[in-house]
Amino acid sequence: MDKKILGGVSALLLTATLSGCSQVHFGRDAITISAKKTESKKKEAVKKQSSQKKVVPKKKTASAKKTTKKVKKNKKVKKTKKTVKTNWNKAKTNKLQIAVNKWSRAAGQRYRFYDGIHLLKTKKGGTYPTVFTQNNFILNKKTIKLGYSPLGKNKYQYNVVAIANADFKTWHNTYLFCLKKDKPIILLDQSKNTNPIVVQVVNDKVLNKKFKQIVE
């Protein structure tokens with residue numbers, strides 16, 4: 001090769017290096033030089049970096065938190081107090097006492113009720129309510145199961161909810177206000193301190209009506 005040609009090639013390579021050209025192509029008849037496409041490569045690199053960035057989930061806003069709290073609060077079920085239904089209570093006993101005293105006033109009698117605390121002693125008869133556990137009771141020549149039940153619970157065959165007594169010279173009238181299968185019935189004890197105690201059903205229409213009204 002001619003020295004002039006070699007010198008030209010060397011000068012050309014030096015110029016390409018200084019100008020930032022990276023590709024030199026030696027052809028059969030000529031030499032070509034191409035410049036770097038730095039700008040396009042930089043753009044591609046930026047695109048790759050942006051695509052590789054992780055997507056950070058958005059934080060829940062304060063309003064979203066409030067709504068979830070409200071939903072949880074709504075799920076809580078309000079506890080309601082259970083009310084126990086009873087067939088008898090102290091208020092009904094007071095009503096019955098007023099009705100009995102009004103009913104007995106025409107005959108000049110006054111009845112004392114068992115108050116749930118002090119024992120009710122009858123003249124020449126038993127003491128209530130202890131007599132329920134100490135003596136047997138007979139109705140229509142048959143033994144009955146009878147006991148004191150101040151709330152009217154169905155514990156016995158005859159559930160006594162109230163006891164009223166009036167003493168006379170030689171005897172006593174003790175009215176036993178009972179619930180038999182939640183139905184009102186009044187029994188009368190006039191017996192002496194014997195065992196068993198014989199009782200009878202009270203058929204007085206006025207007294208039965210008053211008792212029935214209070215029960216219902």
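Analyst: Buried here means under 20% relative accessible area. Please keep in mind throughout that this is a predicted model.

User: Okay, then is Asn173 buried or exposed?
Analyst: Asn173 has a relative accessible area of 8%, which is under the 20% limit, so Asn173 counts as buried.

User: Where does Asn173 lie, and what does its side chain pair with?
Analyst: Asn173 lies in strand 10, and its side chain makes a polar contact of 2.7 Å with the side chain of Gln190. Leaving aside neighbours within four places in sequence, Asn173 is in contact with residues including Tyr111, Phe168 and Leu188, as well as with Ala164, Asn165 and Ala166.

User: Let's back up a bit, how many helices and strands does the chain have?
Analyst: The protein chain has 6 helices and 12 strands. Of its 216 residues, 27% are buried, and its accessible surface comes to about 17,000 Å², with 55% of that belonging to carbon and sulfur atoms. Among contacts between residues at least 6 apart in sequence, 44% join residues at least 24 apart.

User: What does strand 9 pair with?
Analyst: Strand 9 pairs with strand 10 in the antiparallel sense over 8 bridges, and these two strands form a hairpin with 4 residues between them. Strand 3, residues 112-113, is joined to strand 9 by 2 bridges and runs antiparallel to it, whereas strand 8, residues 146-148, is joined to strand 9 by 3 bridges and runs parallel.

User: Switching to helix 4, which of its residues are buried, and what do they pack against?
Analyst: The buried residues of helix 4 are Lys92, Thr93, Leu96, Ala99, Val100, Asn101 and Ser104, and they pack against strand 3, strand 9, strand 10 and helix 6. As a general point, an α-helix has 3.6 residues a turn, so residues three or four places apart point the same way.

User: What caps the N-terminal end of helix 4, and what span should its 15 residues have?
Analyst: Asn89 is the cap, with a side-chain oxygen lying 3.2 Å from the backbone nitrogen of Ala91. At 1.5 Å a residue, the 15 residues of helix 4 should span 21 Å, and the end C-alpha atoms are 21 Å apart, so the two values agree.

User: Last topic, which residues touch the most other members of the largest nonpolar core?
Analyst: Leu96, Tyr175, Phe177 and Phe211 do, in a core of 20 residues. At least two residues of this core come from each of helix 4, strand 9, strand 10, strand 11 and helix 6. Apart from it lies another core, of 18 residues, which includes Tyr114, Tyr158, Ile163 and Leu176.

User: What does Leu96 touch, beyond its neighbours in sequence?
Analyst: Not counting residues up to four places away in sequence, Leu96 touches Trp88, Phe113, Ala162, Phe177, Phe211 and Ile214. Leu96 is also one of the buried residues of helix 4.

Methods. Residues numbered from 1 in each chain as written. Predicted model: local features only at pLDDT ≥ 70, side-chain atom pairs only at ≥ 80, totals over all residues. Heavy atoms only, no water. Core = buried A, V, L, I, M, F, W, Y, C linked by side-chain atoms within 4.5 Å. Buried < 20%, exposed > 50% of the residue type's maximum accessible area, 1.4 Å probe, protein only. Contact = heavy atoms within 4.5 Å. Areas by Shrake-Rupley, 256 points an atom, 1.4 Å probe, with all protein chains shown as cover. Pairing = 2+ DSSP bridges. Expected span 1.5 Å × (residues − 1). Polar contact = N/O pair within 3.5 Å; in protein donor to acceptor, adjacent residues only side chain to side chain.
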